[in-house]
Number of protein chains: 2
Amino acid sequence: MQLDHVGIAVPDLTAALAAWGPLIGAPDGPPEVVPSNRVRVAFVDVGGTHVELLEPTEPTSPVARFLESRGPGVHHLAFHVPSVDAALAGVRERGGRLVDERARPGARGRRVGFAHPSAFGGVLVEFVEGP
Amino acid sequence: MQLDHVGIAVPDLTAALAAWGPLIGAPDGPPEVVPSNRVRVAFVDVGGTHVELLEPTEPTSPVARFLESRGPGVHHLAFHVPSVDAALAGVRERGGRLVDERARPGARGRRVGFAHPSAFGGVLVEFVEGP
């Protein structure tokens with residue numbers, strides 16, 4: 001099982017890239033808007049896995065609500081899986097709650113799906129399909 | 001810059017290993033007590049980086065205080081650095097606050113040091129020296 005990325009909620013993507021830059025370097029490319037999550041994101045390679053910085057694009061974004069209730073910080077952990085639908089089904093079969101019942105489009109053109117934080121001890125887990 | 005591990009605060013290490021096992025598999029070895037942090041930890045390989053599950057061993061542990069105030073969840077991100085002392089000095093020179101002024105012994109026999117969450121947008125960052 002491979003960690004694809006660590007998602008960090010930030011109020012301002014430009015400021016966050018400046019703050020993190022001295023430690024982790026420049027992002028892989030220009031920021032990408034992910035309409036399904038109402039976020040603007042940037043990925044930075046950190047040795048085979050990535051840091052994803054997430055800035056909400058609307059007050060209704062789940063990341064905006066996270067920032068309001070918890071403040072900036074780690075928002076989710078994302079793991080590579082061969083099939084997001086199968087991974088979500090596995091969580092459900094073990095009695096875990098889901099955010100997404102099936103895979104949907106995420107950042108970088110990947111299929112993604114989220115389990116509920118209660119399924120993994122308070123950690124929001126995202127599944128990401130290949131490559 | 002390489003992500004060494006993601007530290008997750010848990011109230012019960014055995015229960016956490018059972019909950020995470022179906023997703024990330026078994027730990028690298030038996031749990032280790034880290035007296036300097038008053039935690040018992042287990043590391044699980046997730047594709048070159050690791051998940052560290054941290055259970056407090058005393059109510060005065062920083063992880064116990066984290067669990068009280070925020071509940072279980074991601075506690076810190078740890079990055080490989082050639083020198084913890086140099087990495088801490090770099091944060092200080094950029095005006096960032098530190099938890100540790102110099103390197104100290106951490107888990108797995110490594111030298112470690114923590115910056116303050118305010119230095120990296122609300123994320124507690126640990127520096128870990130090689131290998």
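Visitor: In what order do the eight strands of the open sheet of chain B lie?

Guide: Before we start, this is a predicted model, where local features need pLDDT of at least 70, side-chain atom pairs count only at pLDDT 80 or more, and totals for chains, interfaces and linings use all residues. Residues are numbered from 1 along each chain as its sequence is written, chains are lettered from A and ligands numbered from 1 in the order in which they are written, and side-chain values use heavy atoms, leaving out hydrogens and water. Strands (E, at least two residues) and helices (H or I, at least four) are DSSP runs numbered from the N terminus, and two strands pair if DSSP finds at least two bridges between them. With mixed pairing, the open sheet of chain B has the order β2-β3-β4-β1-β5-β8-β7-β6.

Visitor: Which are the edge strands of that sheet in chain B?

Guide: An edge strand here pairs on one side only. In chain B that applies to β2 (32-34) and β6.

Visitor: What is the order of the eight-strand sheet in chain A?

Guide: Chain A has an open sheet of eight strands with mixed pairing. Its edge strands, each pairing on one side only, are β2 (32-34) and β6 (104-105). The order in chain A is β2-β3-β4-β1-β5-β8-β7-β6.

Visitor: Which residue in β5(A) is the bridge partner of A:V6?

Guide: β1(A) and β5(A) run antiparallel and are joined by six bridges. In β5(A), the partner of A:V6 is A:L77.

Visitor: At what angle does helix α3 of chain A run to β8(A)?

Guide: Axes are lines fitted to C-alpha atoms, for helices over the stretch in contact, and angles run from 0 to 180 degrees between N-to-C directions. Helix α3 (residues 84-93) of chain A lies across β5, β7 (111-114) and β8 of chain A. Its angle to β8(A) is about 150°.

Visitor: Which strands of chain A does helix α1 of chain B lie across?

Guide: Helix α1 of chain B spans residues 13-24 and runs at about 45° to β5(A). The strands of chain A that α1 of chain B lies across are β5 and β8.

Visitor: How many salt bridges are there between chain A and chain B?

Guide: 27 residues of chain A are in contact (heavy atoms within 4.5 Å) with 27 residues of chain B. Buried area is the accessible area (1.4 Å probe) that two parts lose on being put together, summed over both; here it is about 2500 Å², with carbon and sulfur atoms giving 71%. A salt bridge needs a side-chain nitrogen of Lys or Arg within 4 Å of a carboxyl oxygen of Asp or Glu. Between chain A and chain B, the count is zero.

Visitor: Which element gives the largest share of the side of chain A that touches chain B?

Guide: β1 (3-9), α1 (13-24), β5 (73-81) and β8 (125-129) of chain A each supply at least two residues of that side. The largest share is five residues, and the element supplying them is α1(A).

Visitor: Which side chains make polar contacts with the side chain of A:R104?

Guide: A polar contact is a pair of N or O atoms within 3.5 Å; within protein, one must be able to donate a hydrogen and the other to accept it, and residues adjacent in sequence count only if both atoms are side-chain atoms. A:R104 lies in strand β6 of chain A and stands opposite A:V112 in β7(A). Its side chain makes one polar contact of 3.1 Å with the side chain of A:N37, and another, of 2.9 Å, with that of A:D100.
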